[in-house]
Amino acid sequence: MKFREDEVVIVGMGYVGLTLSVAMAMRGFRVYGVEIDDDKLNLISKGKSHFFETGIDEELSRAVKAGLITFSKKVPRQSCSTYIITVGTPLKQDTKEPRIDMISRVSEEISEVMNKESILLLRSTVEVGTTRNVVLPIIKKRIKSPRIAFSSERTLEGKALEEIFTLPQVIGAIDDATFDRAESVFNKLTKKIVKVESIETAEIIKLFDNSYRDSTFALGNELAIVCEELGINGYEAIKAANFGYDRTNIPIPGYVGGPCLEKDPYILASSLKKVDYTPELILTSRKLNENLQKRIANRVVTWFEKNNINISDSKISLMGLAFKGYPETDDLRGAPSLLMLNELRNLGAKNIFGHDYLISSSTMDSLGIVPSTIESAFDSSTVIIFMNNNKKYSKIPIVKLISSTSNPCLFLDSWNMFSPEEIMDEKNDVYYSSIGINSDFFMENK
């Protein structure tokens with residue numbers, strides 16, 4: 001059967017699926033997007049994304065109006081040349097293993113319409129072996145020799161529509177003929193194609209990428225904690241260690257989260273259970289990054305105790321709720337702010353206010369956070385914690401805002417965006433603290 005090579009069905013219109021759909025439409029593909037969530041489906045059918053991503057609304061609207069993208073709740077019944085699975089694989093909270101029920105379900109649905117000449121590409125993040133051991137048997141119930149390949153999404157939120165055309169696409173296929181087909185699809189997005197010898201190799205690449213980043217960030221955080229314990233300015237030490245010395249590139253300390261880094265190390269670890277191996281460095285790094293919020297929350301409690309202030313009666317403001325501030329996103333998946341929120345509530349905090357440049361007031365309301373402007377967040381706050389590094393925060397009139405806080409006030413500049421000197425002016429009663437800077441050191445030298 002002869003197909004139009006420019007037609008593609010993409011199942012799952014989350015972050016990965018929708019950005020890929022828009023990118024492929026931008027390159028002239030005819031895209032059929034599948035999404036079972038009614039709210040998301042209604043929104044994207046009108047040409048509007050359900051998440052923030054630079055340029056996506058304009059390109060999505062253009063593609064919908066041009067008829068290059070259409071959306072439905074079910075996989076189209078007519079056979080298509082290319083099928084791509086991009087559904088999520090969230091972790092089970094009890095075992096930290098990825099759920100694959102959505103992968104299995106959509107594989108069954110695709111198998112009902114997929115032709116023997118069609119190609120099926122997986123782009124979801126999965127345990128090593130999922131494509132061969134879960135998806136392939138489902139498809140083989142109806143097709144004797146299916147064409148299946150894997151190529152993971154590795155774009156950076158906030159720059160996805162730029163990077164999807166420039167980053168190399170790593171492809172592992174069941175055979176050379178299938179690789180050639182997959183390569184022809186992705187060549188329309190980028191000419192940088194990396195062929196690996198097996199599907200399993202392709203599956204593990206993204207797990208490696210994100211485990212590497214998570215572990216590297218953990219090193220920066222641990223060195224910052226070391227400096228805190230010794231009364232040394234961690235930011236100064238890390239900056240000086242890196243300067244002009246190419247063999248050292250320590251990340252600046254800060255909260256680590258997001259939909260990939262929070263779960264991909266666990267997916268890698270889950271992949272290794274079958275061979276009875278535990279990636280100790282990777283899991284230790286993940287735990288260290290997860291515990292950073294607890295460490296800062298305990299610092300808040302210590303400060304309340306030292307100043308004889310009741311935490312339950314005090315206003316605490318979280319600035320920057322999305323999991324990262326640069327590039328900007330409105331994504332709360334794996335956001336450190338949510339972990340901090342839980343820690344503070346467990347410690348007795350009741351009056352928690354929040355500000356974010358992109359996250360809606362209704363979303364904050366649903367989390368039990370009082371939506372605030374920057375000014376109202378500072379006003380009468382006893383504790384202010386900057387949770388992400390949105391560059392817009394570095395431009396706020398911090399001296400004026402500090403003058404409206406409670407007296408005393410703890411200012412947690414988690415990303416070192418402000419200088420201690422401008423925060424701890426002799427005229428105010430504000431104490432500066434940061435990750436990598438011992439708060440007691442500054443309190444004693446105020």
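Mentor: Here is a walk from the whole chain to one packed region, and then on to a second one.

A word on ground rules: this is a predicted model, so local features need pLDDT of at least 70 and side-chain atom pairs count only at pLDDT 80 or more, while totals for chains, interfaces and linings use all residues. Residues are numbered from 1 along each chain as its sequence is written, and side-chain values use heavy atoms, with hydrogens and water left out.

The chain has 18 helices and 14 strands (DSSP runs numbered from the N terminus, helices being H or I of at least four residues and strands E of at least two). Its radius of gyration is 24 Å, close to the 22 Å that the globule rule gives for 446 residues, so the chain is as compact as a globular protein of that length. That radius is taken over C-alpha atoms, and the rule is 2.2 Å times the number of residues to the power 0.38. The C-alpha trace spans about 80 × 45 × 40 Å along its principal axes. Buried residues are 54% of the 446; buried means under 20% relative accessible area, exposed over 50%, and partly exposed in between, with a 1.4 Å probe and protein chains only. Of the contacts (heavy atoms within 4.5 Å) with a separation of 6 or more, 71% come from residues 24 or more positions apart.

Now for the close-up. The largest nonpolar core holds 54 residues, and Leu344, Phe378, Ile385, Phe386 and Phe411 touch the most other members. A core here is a set of buried Ala, Val, Leu, Ile, Met, Phe, Trp, Tyr and Cys residues joined through side-chain atoms within 4.5 Å. Helix α12 (292-306) gives the most to this core, six residues. As background, nonpolar side chains tend to be buried together in soluble globular proteins.

Take Ile402 as a way in. It sits in helix α16, residues 398-402, and it counts as buried because its relative accessible area is 4%. Beyond its neighbours within four places in sequence, Ile402 is in contact with Phe378, Phe411, Ile423, Asn428 and Val430. Its C-alpha atom is 9.8 Å from that of Ile384, 18 residues away along the chain.

Leaving out residues up to four places away in sequence, its partners include Phe378, Ile384, Phe386, Ile398 and Ile402, along with Phe418, Ile423, Val430 and Tyr431.

A cis peptide bond joins Asn407 and Pro408, with omega about 10°, and Pro408 is in the loop between α16 and β13 (409-412). In the loop between β13 and α17 (420-423) you'll find Asn416, a non-glycine with a positive phi of about 55°; at 30% relative accessibility, Asn416 is partly exposed. Ser380, in the loop between α15 (374-378) and β12 (383-386), also has a positive phi, near 65°, without being glycine, and its relative accessible area of 43% makes it partly exposed. Elsewhere, Tyr326 and Pro327 are joined by a cis peptide bond with omega about -10°, and Pro327 lies in the loop between β9 (315-319) and α13 (336-346).

Back to the cores. Phe411 is among those in the 54-residue core that touch the most other members. Apart from that core lies another, of 36 residues, among them Val8, Ala25, Leu121 and Phe165. Phe165 also turns up among the contacts of Thr190, together with Ile164, Thr166, Leu167 and Gln169, not counting residues up to four places away in sequence. Thr190 is in the loop between α7 (176-186) and β8 (193-195) and is buried at 4% relative accessibility.

Finish with helix α5, where the buried residues are Thr130, Thr131, Val134, Val135, Leu136, Ile138 and Ile139. They pack against α4 (101-111), β5 (119-122), β6 (147-150) and α8. Where α5 meets α8, Thr130, Thr131 and Arg132 face Ile199, Glu200 and Glu203. The residues of that contact are one nonpolar, two polar and three charged, where Ala, Val, Leu, Ile, Met, Phe, Trp, Tyr, Cys and Pro count as nonpolar, Asp, Glu, Lys and Arg as charged, and the others, Gly among them, as polar.
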